[in-house]
Amino acid sequence: MSEAELQQVKFPPEILDRIAPDISLKRHFAIGVRPNLRNFTEFKPIEIANSSQLQESNNNVISSSIIKSGSTTIINTITLGIIENINPNEEKKKKFTTIYPNVEILRGRSGAPTDEEMILSQNLYETIYKSKIIPSESLKINNLGISINNEEEEEKEKDAKQEILYPDLNSNEWQYINLSNQYNKSYSFILLSSIKVYSKSQSTNSLFDLCYLSIINCLKNLKLPRCYINESNLLSTKISIRSRKSNVRGLINTNNNKLNLNLDLNRTEKIKLNLTDGLISSNYGVVDIIKKEKESESENENENENENEKNNEKNKLIETILLCDLEGEAEETSILSRLTVITNKKGTMNKISLINGDLNSEITFDILKKAIEISQKRSLQQGV
Amino acid sequence: MSDRRRLTGPANLIKPNIPEIVSNIDNKNQENTNSTSSIPSFFIKHAIINNANGSAYLEINNTIIEVSIFGPRPIRGSFIERGSLSVECKFLNHIIQPMQDSEPSKTGMSNIEHRLSSYLESCILPCILLEKYPKSTIDIQVSIISIDKSMVNSKSNSSLLWLMNWIVICTSIALIDSKIEIKDVISSGQIKLTRNGKIKIGIEDDEVEECIDALISFMNLRNDEIVGIWLEGNQSNLTESEMSLIIDECNKMSKIIRANMNSYLINNI
């Protein structure tokens, strides 16, 4: 009869990462590497594509950016919405505006957005707003044009040739135009950004960095088109009828399709931004690692076990270290003290977020200083 | 109803109208592909997504498709004997979807996405050995990153079938990458049969005359079994001989694409 033996189970690193992230992390640190095989203060390389294919093939996309970091790919496209400034005085108080991001992470399930997606979107929205990058004035539609059908010239043809007149470009013709009420309203653009993340391997913080970079990259290339109203629309009156099918009560949106974008590339204008060069967002995790254990000097056999353990504790050399650009499951779940710093080339900071999540490895001033120094170096080298 | 989970902008947001531009450049490109009446070259790459079980990427002209397959994953709940399959085709948010009159909602799939998904599902169902995967699901997610510009404006069906054709091919590669057991690789052919019996390949939108657009998917190494047929156009007068012509022509095209896929698979997997 052979004895039943308890066999030792062995797990490959990626499975251990998942079932016991803390152990996996400790073992990696013990041999001096991170689970993703990067150095402690090494960032994952980022590639930024400079293709404008998405803009060219989609009329509604005015700026786009594709960023790759490892296998993680981020596709960011910016489309426009228009909003009527109903209360101009109130609008003036708001000096800066933001972008409306919508982050979607491919995860193999459909349905409502996850917490992570919502947090990322909200975080991007607020960060851009608070860092005062986009002045409200820059998104205001200043010279609203009017398209006029030249009926006299081509009476017979159905699609009479359209001409678009702008107050600043066609000042001669402009004085003959009767402006209606519709024209006197003030409008502003709204930037809508849709971000799709493929093959996510980074932590949420790193993903924020990539999304932030992609938005900044988009904003840098952003050119706003001109906008015009159709003359025919100006004259038409619309009566709102309450239909049985729709639940909308009161006024039906009468502004529908009245504003048109002029896609003429020669007529676009670069957006005026408050951007400083070299913006980049960097994230860090703070964690304790056990350096080497000192060899105990006295190996007294008489000492009881408890004391032995105490000695061991003392002999452990604990060091708090900074990890750059968190990635992978082990780091995501077991490193809870986090830092995010957005810096620029000027040497100032746009944002610091600090979460002291782990009581054992708190963020000290030295650590914070080190993180800022690394971020600034990175800004000079890699910032956009 | 406003979507509280997403940042969709202020409540009184107006969507500006984007006038259609008649571009001459695109049409010229089209003519080139039509005159040779052959399949334009396409680019495939597999295993591009780390957290999916299988994935593939396909580019042809301006059409870009990405397919990722998740599964087989265990399901919760009671035991089922065969695996269940779910297919979801989605356009990226910025794409103005073809043949879409109303504004697509951000939640759920639009009309066109439903049609693409159900065709893909019907093609793949007979191909996967679902009985090998009890108590599990296989999720196929297709994202259409870019479509040909001509497709946005065109009202013809051929462009939709053209897109569908490449979705099927991209999915087949992703299925192989996922190592899910299948009977054969699916490939398909898409043609246009005009009233006077001419066969055309590729997208054409200047075509006004009455014609039938056909997309037929095959398992070419399994006795050319047909796994999906999608016909558009007036089919009331479709004769048997015309139908067999359509099938033959689609099969020819499918075999050419299959040969390309095979050589890619041999060299890269």
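This is a predicted model: local features need pLDDT of at least 70, side-chain atom pairs count only at pLDDT 80 or more; totals for chains, interfaces and linings use all residues.
Residues are numbered from 1 along each chain as its sequence is written, chains are lettered from A and ligands numbered from 1 in the order in which they are written, and side-chain values use heavy atoms, with hydrogens and water left out.

Let's start with chain A and its strand 2, residues 61-69 (helices, H or I, at least four residues, and strands, E, at least two, are DSSP runs numbered from the N terminus). Seven of its nine residues are buried, so strand 2 of chain A is largely enclosed by the rest of the structure (buried means under 20% relative accessible area, exposed over 50%, partly exposed in between, with a 1.4 Å probe and protein chains only). Strand 2 of chain A pairs antiparallel with strand 1 (residues 47-49) over three bridges (two strands pair if DSSP finds at least two bridges between them). Here A:Ile48 sits opposite A:Ile67. Eight bridges tie strand 2 of chain A to the antiparallel strand 3, residues 72-84, with A:Ile66 facing A:Ile75. In the hairpin of strands 2 and 3 of chain A, two residues lie between the strands, and A:Gly70 takes a positive phi near 65°.

Now for chain B, which has an open sheet of five strands in the order 2-3-4-6-5, with mixed pairing. Strand 2 (42-46) and strand 5 (84-91) of chain B stand at the edges, each with a single partner strand, so one side of each lacks a neighbour in the sheet. Inside this sheet, strand 4 (residues 63-74) and strand 6 (residues 136-146) of chain B run antiparallel, joined by nine bridges; B:Arg73 stands opposite B:Thr137.
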